[in-house]
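Let's take a walk through a protein model together. Have the sequence and the 3D view open while you read.

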Amino acid sequence: MYNEIDLDKIDIHSEPPTEEPGRQYYFIGKCREWGEGFRRKNGRFPRACVTTFGCQMNARDSEKLSGVLQKSGFETAQEEAADFIIYNTCTVRDNANQKVYGRLGVLHGYKRRNPHLKIALCGCMMQEPSVIEKIRKSYGFVDLLFGTHNLYKFAELLYTCLTCEGLVMDIWQDTDKVVEDLPTEQKYRFKSGINIMYGCNNFCSYCIVPYVRGRERSREAADILEEVRRLAADGVTEIMLLGQNVNSYGKNLKHPLSFAGLLQEVEQIPGIRRIRFMTPHPKDLSDELIGVMRDSEKICRHLHLPLQSGSSRILQAMNRRYTKEQYLSLTEKIRREIPELSITTDIIVGFPGETAQDVEDTIDVVRKVGFDNAFTFIYSKRTGTPAAAMENQVPADEVKENFDRLLHVVQETAKQRTARFLGQEAQVLVEDVNEHDSRLLTGRMSCNMLVHFPGGRELIGQYVTVRLEECKGFYYMGQEKKAWQN
Ligand code: 5AD
Ligand code: SF4
């Protein structure tokens, strides 16, 4: 990271500083000292395991948690062998919550075997009072709870947790703070997510995010650009700009800058070869942004544009602030300007009051737009959101029927659409050895599609030209150009 503080220069025997991020570096120093004591006693450094649930924002937050743990002297381990386990939770749908409760049962078993194990929970779920109540009542073995607004205080909370008995809990209702310059530990050395804004002001009626992530706050453009420059200097070539609604970036800044303007600035940074972003809202997608994407060499040929529903009536009840027709004309315009662009989306089925006819409207949009992929979700009632209080909740069997009908069309259209690359060459950024077959590598195309092809791990982090030989629906099998030319 940039402007990083020299840990050896911090006097950890004086009082902690009051300003941030200096205070957190002080506590990292204290944790290191604690880790030394652990090593003298146990003959090894303490081990930690970070588990992430949910979206890219959480994945990036987890890199910050890992950064603090690593700087504090923790080694990385699997859950079974860890001395400190932290779950960074998601609450966007109830099944994410249920997964956490299920896994907590397993952690309780580990704790019985190793009473010194410390268990921490953080992230979106912790911003819900009912969750905190449940954890305190039924999962009394948890040692540390904190939320989304004070994640930057992790070093301090970690130190308190390591040195105290009993539950440590620090949950804030909201914040207007953006704390810069904390350490991060990146999952990949060649690609990285970067927060450009936090929170959301849209209040879609089904969505809990505005309640658990707070009001929209943009980071200063200078801080974002400096972070991108540092990442590029460290060898990162692909970046993803992250925010709940990236196209309202910059509105509350001292020097307002549009999201399209920010993209143009990022584009100038040498070393960056690919730029992605997540997630734009259709209501705010400007012509300026379409133009910047069209003219860019670096912005990837992929747009994730959540539809949620194709029925104007349901869209209004969802508070999405666009109609079916507006979404269709927006995607037509985008396709006209950037024909090669892949468009993906999110769709919710079973929103209160949704009829089979509404789902037909959604299916109609899916057919007309021809999404490269669509993530389809069954509506999940989130306590505290306006939709949870709506009386016309749809019976589960009806939702299931509608969901299956939609999924069938989504799969058909996506298959047809993604097959358009068959036989072509594509440049891929090699991300990893294939999960299931170690003779294969997995790379990502500009349009976000994965390609698996034979190759050695020395290609990880490299851009390789691959011939796309077989379309498997949502991914391709291919051959590296060099290999098939020989
Ligand atoms: N139920 C189902 N899906 C939801 N999403 C957000 N809230 C809910 C909910 N209550 C989906 C939306 C969003 C994606 C990240 O999660 O489709 O785009
Ligand atoms: Fe939730 Fe809507 Fe904000 Fe997305 S834009 S995070 S769906 S409230």
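## Before we start

This is a predicted model, so local features need pLDDT of at least 70 and side-chain atom pairs count only at pLDDT 80 or more, while totals for chains, interfaces and linings use all residues. Residues are numbered from 1 along each chain as its sequence is written, chains are lettered from A and ligands numbered from 1 in the order in which they are written, and side-chain values use heavy atoms, with hydrogens and water left out.

## Helix α1

Start with α1, which covers residues 22-42. Helices here are DSSP runs of H or I with at least four residues, strands are E runs of at least two, and both are numbered from the N terminus. (The expected span is 1.5 Å times one less than the number of residues.) Just after α1, Gly 43 has a positive phi of about 75°.

Buried means under 20% relative accessible area, exposed means over 50%, and partly exposed is in between (1.4 Å probe, protein chains only).

## Salt bridges

How many salt bridges does the structure hold? There are 34, each being a side-chain nitrogen of Lys or Arg within 4 Å of a carboxyl oxygen of Asp or Glu. One of them joins Glu 156 and Arg 23, at 2.7 Å from N to O. Glu 156 sits in α5 and Arg 23 in α1, so this pair ties together parts that are 133 residues apart in sequence. Both Glu 156 and Arg 23 are buried.

Another pair is Glu 63 and Arg 60, with their closest N and O atoms 2.6 Å apart. These two both lie in α2, three residues apart, or about one turn of the helix. An α-helix has 3.6 residues a turn, so residues three or four places apart point the same way. Arg 60 and Glu 63 also belong to a salt-bridge network with Arg 219 and Glu 227.

## A buried lysine

Now find Lys 191, in strand β7 (residues 191-195). Is Lys 191 buried or exposed? Its relative accessible area is 16%, so Lys 191 counts as buried. Its side chain makes a polar contact with the side chain of Glu 431 at 2.9 Å. (A polar contact is a pair of N or O atoms within 3.5 Å; within protein, one must be able to donate a hydrogen and the other to accept it, and residues adjacent in sequence count only if both atoms are side-chain atoms.)

## The two ligands

Which residues are around ligand 1? Among them are Arg 93, Tyr 206, Gln 308, Asp 346 and Ser 380, where "around" means having a heavy atom within 4 Å. An oxygen atom of ligand 1 is 2.6 Å from an N or O atom in the side chain of Gln 308, and a nitrogen atom of ligand 1 is 2.8 Å from a polar backbone atom of Ser 380.

Around ligand 2 you'll find residues including Cys 200, Cys 204, Tyr 206, Cys 207 and His 281. By class, this shell has seven nonpolar, three polar and one charged residues. Ala, Val, Leu, Ile, Met, Phe, Trp, Tyr, Cys and Pro count as nonpolar, Asp, Glu, Lys and Arg as charged, and the others, Gly among them, as polar.
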